[in-house]
Amino acid sequence: MTRFGLKCMVALLSTVGPGFAADAVRNSSIPLFAKDDKTGWQLDRAFGVDDLLAIPGGGPGPVTFDKAHPYFPPGRPVPTYRVSDLSNPILQDWIKPAMKKTNDEVLAGGVAYRAHERCWPAGVPTFDTDVVGAPLFILQRPNEITVIMESGPEVRHIYLNVPHSADPKPSWYGESIGHYEGGDTLVIDTVGQTDRTFADNYRTPHTAKMHVIERWKLAADGNSVAVTVDVDDPGAFAMPYRGQLRWRRTQQRTLDEVICAENNSQDFIGFKVSIPQASKPDF
């Protein structure tokens, strides 16, 4: 998206914000994620590292780091790059060789691929875990929610109270359909994602069959959002899995721009890294 296009979108959505906020106050079934254009959300590192985390006692969890090579995010005394745990039972055998290759590259001193560091769309659910250095902004309207991640920027659309298309064309963020539950939760059902993204920050491949259900639950004080994610992909995972994370509210400034907005930087952090590809079977 161009700089002019982003500014026009934010300006348009901002004009409907006050009216929607008033409707939300009158309608207790709608959680209000932003009362103004300065409310953003970032990953809460007090909850855990910058990843989708397993729910204790909740069955199979998402891919995380190899215990022999713990992941420490930037800001810790000795930050590290991610090395994936290939023993996770959710993984089908055909995707492990590509993941092992990237593990070996990292252990040899290479730089691990991350979508935002190459100005690529992250896909879902990685979108939920990537709001670390820059926030995301949730702009609500009666029939649609627009979510803008500042680092990119990346724009995601969630359409409310409508059915999925019969055959959605694969795209970076797929087709996201949402509805509100319980007065504090937004439920998002996403299908139709391209297989060019990864399922997580550990470069786990997936297929176009991946189905993701997110639940964004706003805390009673409005200062945090508990995010739970259910992922199912019979083409890549041996079983469905569930993960969780938490966002904290930021309230210091409006949406800013970064260099990816003009697509004039090949590598966001200056490194040349390859995107691993798995050999996928016919389905």
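**Close-up views of a predicted model**

**View 1. The lining of the largest cavity.** Four nonpolar, four polar and five charged residues make up the lining of the largest cavity in this predicted model. The lining counts 13 residues. Nearest the centre of the cavity lie Tyr-113, Ala-115, Thr-126, Phe-198 and Asp-200. The volume is about 100 Å³. In total, the structure has five cavities of 30 Å³ or more.

**View 2. The second largest cavity.** This cavity has a volume of about 70 Å³. Its lining includes Asp-50, Asp-51 and Leu-52, along with Pro-62 and Val-63. Pro-125, Thr-126 and Thr-129 also line the space, as do Ala-199, Asp-200, Asn-201 and Tyr-202. By class, the lining residues are six nonpolar, three polar and three charged. Thr-126 and Asp-200 belong to this lining and also lie among the residues nearest the centre of the largest cavity.

**View 3. Val-191 and its contacts.** Val-191 sits in strand S7, which covers residues 185-191. Lys-209 lies 18 residues away in sequence, yet its C-alpha is 7.4 Å from that of Val-191.

**View 4. Residues 264-276, with pLDDT under 50.** Across this stretch, pLDDT remains under 50. The model still gives residues 264-276 31 contacts beyond four places in sequence. For the chain, the average pLDDT is 83, and 79% of the residues score at least 70.

Conventions:
Residues are numbered from 1 along each chain as its sequence is written. This is a predicted model: local features need pLDDT of at least 70, side-chain atom pairs count only at pLDDT 80 or more; totals for chains, interfaces and linings use all residues. Side-chain values use heavy atoms; hydrogens and water are left out. pLDDT is the predictor's confidence in each residue, from 0 to 100. Contact means heavy atoms within 4.5 Å. Helices (H or I, at least four residues) and strands (E, at least two) are DSSP runs, numbered from the N terminus. On a 1 Å grid over the protein atoms alone, a cavity is a set of points where a 1.4 Å probe fits but cannot get out, and a pocket is an open set with protein on both sides within 12 Å along at least five of seven lines; lining residues have an atom within 4 Å of a point. Grid points are joined across faces, edges and corners, and a volume is the space filled by probe spheres set on the points. Ala, Val, Leu, Ile, Met, Phe, Trp, Tyr, Cys and Pro count as nonpolar, Asp, Glu, Lys and Arg as charged, and the others, Gly among them, as polar.
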